[in-house]
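Please open the model in your viewer and keep the selection panel at hand.

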Amino acid sequence: MCGRPVTEHNRHFRFTLPDPVLKLPEREATPGTWMSHASARESVMMQVPHVGAFVRALLPVHLTGHDSVTFGVWLAIDTRGKRLQSLVEVWWDDTRYAGLRLEGWLGNTLPLWGLLAAPVTAEVRDVGETPYCVASSDEALSRVLADDWDRDTVLAALPES
């Protein structure tokens, strides 16, 4: 109705790696790294020695004009007590995955807001999709998730894809 293509109303931006992994000399090729798929771009989980474990999540941001941008982020998760191994089992079992709720920390710096390492809760909304970031005890991230943001300002802050 506005004359723009539909893809301009709901943008998607996927981070390839968590920021802490980007800082490593060998990145995801660091010896001992485990990924759920053949490449970091395809993976939904990864564990990097001396850095940590990460899982994918979607972080939706509401924009003015009924638009949105959804960030495909990495969440750092606590793996004490073999949490990643149990998560792997749940992730590919639709019945158990449907009730999945994760507590973690944002593993990527969001354009415009930053917020690296902000605490975040993610939950599964649809078994065919990655969990969504739904809440945060961090006031700034909570506002990012709940408020409407100026469309032009946010889109101008996105890196070229």
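Select helix 2 (residues 83–91) together with its surroundings: its buried residues pack against strand 2 (34–35), strand 3 (45–48), strand 4 (52–63), strand 5 (67–77), helix 3 (94–97) and strand 6 (101–106), where contact means heavy atoms within 4.5 Å. Helices (H or I, at least four residues) and strands (E, at least two) are DSSP runs, numbered from the N terminus. This is a predicted model, in which local features need pLDDT of at least 70 and side-chain atom pairs count only at pLDDT 80 or more, while totals for chains, interfaces and linings use all residues. Residues are numbered from 1 along each chain as its sequence is written, and side-chain values use heavy atoms, with hydrogens and water left out.

Next, show the side chains of Leu84, Leu87, Val90 and Trp91, the buried residues of helix 2; buried means under 20% relative accessible area, with a 1.4 Å probe and protein chains only. They lie on the same side of helix 2, because they cover an arc of only 115 degrees around the axis, taken from the directions from the helix axis to the C-beta atoms.

Now colour the protein chain by secondary structure, which comes to five helices and nine strands, and follow the elements from the N terminus in the order β-α-β-β-β-β-α-α-β-β-β-α-β-α.

Finally, select the whole protein chain, in which buried residues make up 44% of the 161 residues. Among the contacts with a separation of 6 or more, 54% come from residues 24 or more positions apart. Its C-alpha atoms fill a box of roughly 50 × 40 × 30 Å along the principal axes.

Note on methods: Buried means under 20% relative accessible area, exposed over 50%, partly exposed in between (1.4 Å probe, protein chains only).
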